Amino acid sequence: MHENNRMFITGIGAISAAGSNVADTLDSFSLKNRNAGAVTLFDTPLKYPVFEVNKIPDEHYLEGQRTLSLALCAVIEALNDAHMEGDLSKYRLGISMGTTVASQLNDLDFYKSYRSTGSASMTSVDRYLKGNLAEFILRKIGARGPALTVVNACSSGTDAIGVALSWLNNGLCDIAIAGGADELNRIPLCGFGALGIVSMDLCAPFDRDRNGLNLGEGAGILILETKESARKRGITSDLFLAGYGSSSDAYHLTAPHPEGKGLKISLQKALIDAGIKPEEVSFVNAHGTATPDNDLVEGKVLAEIFGTDLKMLSTKGFTGHTLGAAGGLEAVFTASALREGWIPASIGFKNKDEAIPLTPVRERTVINGRYAVSTSLAFGGNNAAIVIGKV
Amino acid sequence: MNILGIGIVFNRGRGINCFENALQEGWQGPAEVEVPYLKNKKSFVYQVDSQTISDKTLLRKMRRSDKLSKMAVLSASDALKSSGIENLSPSPNPSSRHIGREGEKIGVIVATAFGAHVKTFDFLDDILDYGEDSVSPTTFSNSVHNAAASYVSSTLDIHGPTLTVTQFYFSFQYAMQLARAWLNEKRCDYILVGAVEQYGDVLGYVYDCKLTPAPDGRIKPFNFNPTFQVPGEGAVFFLMGRENSENSFCEVENIMIGEYREFKTGVDLNIIDTDGMLPDESVYMQSISPDIHTAAYSPLFGSMMTGSAFNCAAGALMLKNQKYYANPVLDNPHGINILIGNNPPISKGGMGGFSEQTKRSDIELIRCIRYSCHSEKAAIYLRKNH
């Protein structure tokens with residue numbers, strides 16, 4: 001990407017089990033807090049540990065629309081961080097949001113009633129129809145610009161950031177709210193459980209003894225902005241989105257390509273898009289779900305591209321796998337780490353897996369450098385990577 | 001950006017030629033289908049039959065996938081073939097699905113409003129019938145929103161970015177807009193942009209609760225208020241590229257969404273997305289001009305949130321073939337200037353109206369218009385390739 005096409009990151013916002021805002025999250029990272037526990041949001045016989053958000057502030061809480069509530073928390077934090085308050089209709093402001101749960105009409109009570117009686121209340125349908133994530137945010141904050149919800153499974157958040165980058169590059173908006181949001185929901189909990197990839201223990205990304213992921217929930221948002229727009233608003237930023245790459249494995253619906261073909265291509269594209277070389281990357285915030293397949297493939301590909309001395313981590317030990325929110329949250333964490341100059345321990349990792357040629361950081365680690373990468377691998381074989389830079 | 005190829009699956013068959021035949025033949029009544037859980041009730045539906053999606057060669061590795069994914073894969077494959085671009089056509093040899101190095105240069109963007117909702121309800125059946133700890137992993141993995149796009153890329157060996165986007169009113173328009181952005185940025189050389197929707201009885205129930213079913217199975221696109229819907233299903237894929245080619249259909253000159261300044265000069269035909277999916281479609285009257293013919297083809301394929309893609313396919317065919325296709329349903333209580341009969345192309349008189357006295361000319365520009373329930377507007381402008 002040409003230097004001039006790099007987009008400022010003028011605001012960030014995050015909510016997850018690790019914290020209800022970016023500052024609290026960084027504290028959790030520093031203190032190695034893992035706020036996991038049993039499911040409390042709904043009754044279930046499934047005993048997997050999960051990473052639930054402790055409390056959604058009342059002002060953002062929407063009954064029966066948890067994903068939207070989470071999104072709103074992170075969006076408002078990011079907008080405040082970007083000094084965008086009050087009337088937003090004066091901006092050409094786009095909304096590109098990734099999700100999985102909010103895209104589906106999967107209300108069990110609605111369906112149970114329909115199935116047993118042939119009729120059902122339209123309440124949950126109405127909520128669903130008004131709950132398209134990007135459209136909801138657009139109307140809620142009074143933005144005027146493109147609004148699109150990306151539903152690319154676990155890479156949704158990263159791909160939504162990529163979509164926003166393309167909008168900005170093509171002049172379709174001047175500022176974009178980009179990221180992802182997802183609630184902890186019964187349907188993916190059952191589904192991932194059935195696939196046999198959920199751990200009964202706290203997840204251990206890249207560890208020799210890893211045995212599956214933990215589900216989580218949250219939202220992570222970047223405010224992306226052209227330099228010209230930031231200049232007009234009288235602000236600047238030390239962070240920018242440098243590049244994005246995406247590629248499909250074209251291999252399997254649920255398993256990654258054994259050689260990580262799509263991940264490799266997406267990383268190469270992201271680096272080319274950013275106009276940098278692998279050695280300029282100071283660390284990688286890996287997808288690192290703690291499933292045997294994901295971490296093996298991802299570890300091999302990262303080592304191949306960046307070398308075995310790469311500083312890398314997975315933050316899923318702090319948040320769980322937040323599905324459509326993961327790419328957004330991890331983009332925020334990556335940006336924050338560049339800004340703060342340190343990355344947290346890759347929590348949950350204890351023992352090196354000899355089949356994986358690199359080792360995640362075990363402790364809070366100082367980083368120097370201008371660039372970092374965040375990766376996402378998705379159900380369906382899509383892979384996405386972004387490069388974030390620091391001025 | 002140019003439309004290089006089109007693939008389509010709808011209730012009257014598979015392939016762009018099939019769609020062209022439907023445009024020429026006009027309206028045919030939809031099927032009446034039984035509705036499970038609702039005794040003695042039948043609904044009109046423009047349903048794709050199993051024969052249409054029974055391609056055993058192309059679908060041999062996705063036997064357990066759902067109808068949504070199958071419709072998407074077939075139409076995406078047909079869009080590649082229809083382009084006539086040799087190195088993009090999937091291999092006819094079932095043991096080799098490779099389309100070569102070009103696979104990295106092709107992107108996929110799938111637009112859908114409701115996605116794999118039928119599989120989602122199957123999964124809910126699993127939970128209700130067998131319990132949360134005894135559900136089918138296969139049903140779950142096929143119920144995710146991006147399953148159809150994933151099958152497109154894996155079946156056709158496409159390694160470019162593969163994206164699924166959803167929005168209730170303009171997901172197809174946004175997908176087209178993003179495709180143009182990707183082509184501009186040279187992220188891809190070609191992009192398969194598609195829309196896919198599936199009918200299911202639960203969705204049909206929601207339609208019936210929210211909207212008015214057409215009592216005679218006939219969507220009346222020029223009624224505007226009241227409106228009548230007949231659920232449809234199917235898939236349309238467009239192969240998009242920067243340059244036109246020998247088989248190109250037309251250029252996508254512009255995609256406008258939301259607030260924008262309209263340009264009406266030189267438009268030969270307005271195609272509107274009226275299909276009964278809004279209880280009141282009077283807002284479309286704002287975009288209709290007495291000087292420009294208006295068409296709506298939803299009675300051929302049914303009511304769908306991404307029906308714009310089918311109307312765009314009709315527009316692209318008209319530009320390629322330089323031939324108008326008559327409106328399939330002619331009820332016209334507001335007396336607007338609708339396309340009647342397969343009129344030969346005649347030049348615009350005055351402000352763009354048709355007159356027997358004016359000389360015949362090419363069809364140059366078609367505007368495909370859609371409104372949301374919030375009266376927001378989107379338009380895709382299709383222009384004849386030169």
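**Helix packing, voids and backbone**

Mentor: The axes of α3(A) and helix α3 (residues 117-130) of chain B come within 10 Å and cross at roughly 80°. Axes here are lines fitted to C-alpha atoms, for helices over the stretch in contact, and angles run from 0 to 180 degrees between N-to-C directions. Helices (H or I, at least four residues) and strands (E, at least two) are DSSP runs, numbered from the N terminus.

Trainee: Before I go on, what kind of model is this, and how are things labelled?

Mentor: It's a predicted model: local features need pLDDT of at least 70, side-chain atom pairs count only at pLDDT 80 or more, and totals for chains, interfaces and linings use all residues. Residues are numbered from 1 along each chain as its sequence is written, chains are lettered from A and ligands numbered from 1 in the order in which they are written, and side-chain values use heavy atoms, with hydrogens and water left out.

Trainee: Which residues in α3(A) and α3(B) meet?

Mentor: From α3(A), you have Leu108(A), Phe110(A), Tyr111(A), Lys112(A) and Arg115(A), and they meet Phe121(B), Leu124(B), Asp125(B), Ile127(B), Leu128(B) and Asp129(B) in α3(B). Contact means heavy atoms within 4.5 Å. By class, the α3(A) to α3(B) contact has seven nonpolar, no polar and four charged residues. Ala, Val, Leu, Ile, Met, Phe, Trp, Tyr, Cys and Pro count as nonpolar, Asp, Glu, Lys and Arg as charged, and the others, Gly among them, as polar.

Trainee: OK, now α2(B) and α5(B). At what angle do they pack?

Mentor: About 45°, with the axes of α2 (residues 67-83) and α5 (residues 147-156) of chain B 8 Å apart. That makes α2(B) oblique to α5(B). The contact between these two helices has ten nonpolar, three polar and no charged residues. On the α2(B) side, the residues include Leu68(B), Ala72(B) and Leu80(B), and the partners in α5(B) include Tyr151(B) and Val152(B).

Trainee: And is the crossing of α9(A) and α10(A) left-handed or right-handed?

Mentor: Right-handed. A crossing is left-handed if the near helix is turned anticlockwise from the far one by less than a right angle, and right-handed if clockwise. The axes of α9 (residues 261-274) and α10 (residues 292-306) of chain A come within 10 Å and cross at roughly 40°, which makes α9(A) oblique to α10(A). Their contact residues divide into seven nonpolar, no polar and three charged.

Trainee: Switching to voids. How many cavities of 30 Å³ or more are there?

Mentor: Six. On a 1 Å grid over the protein atoms alone, a cavity is a set of points where a 1.4 Å probe fits but cannot get out, and a pocket is an open set with protein on both sides within 12 Å along at least five of seven lines; lining residues have an atom within 4 Å of a point. The largest cavity has a volume of about 200 Å³, where volume is the space filled by probe spheres set on the points, and grid points are joined across faces, edges and corners.

Trainee: What lines the largest cavity?

Mentor: There are 18 lining residues, and the closest to its centre are Thr100(A), Val101(A), Gln104(A), Phe140(B) and Val144(B). The lining has eleven nonpolar, seven polar and no charged residues.

Trainee: And what's the volume of the largest pocket?

Mentor: About 910 Å³. It has 29 lining residues, with Gly64(A), Asp107(A), Arg127(A), Glu183(A) and Asn185(A) the closest to its centre. That lining divides into 13 nonpolar, eight polar and eight charged. α3(A) gives the largest share, four residues.

Trainee: Last one: which residues does the cis peptide bond join?

Mentor: Asn225(B) and Pro226(B), with omega about 0°. Pro226(B) sits in the loop between α7 (201-210) and β8 (234-241) of chain B.

Notes: Angles under 35 degrees count as roughly parallel, over 145 as roughly antiparallel, 65 to 115 as roughly perpendicular and the rest as oblique.
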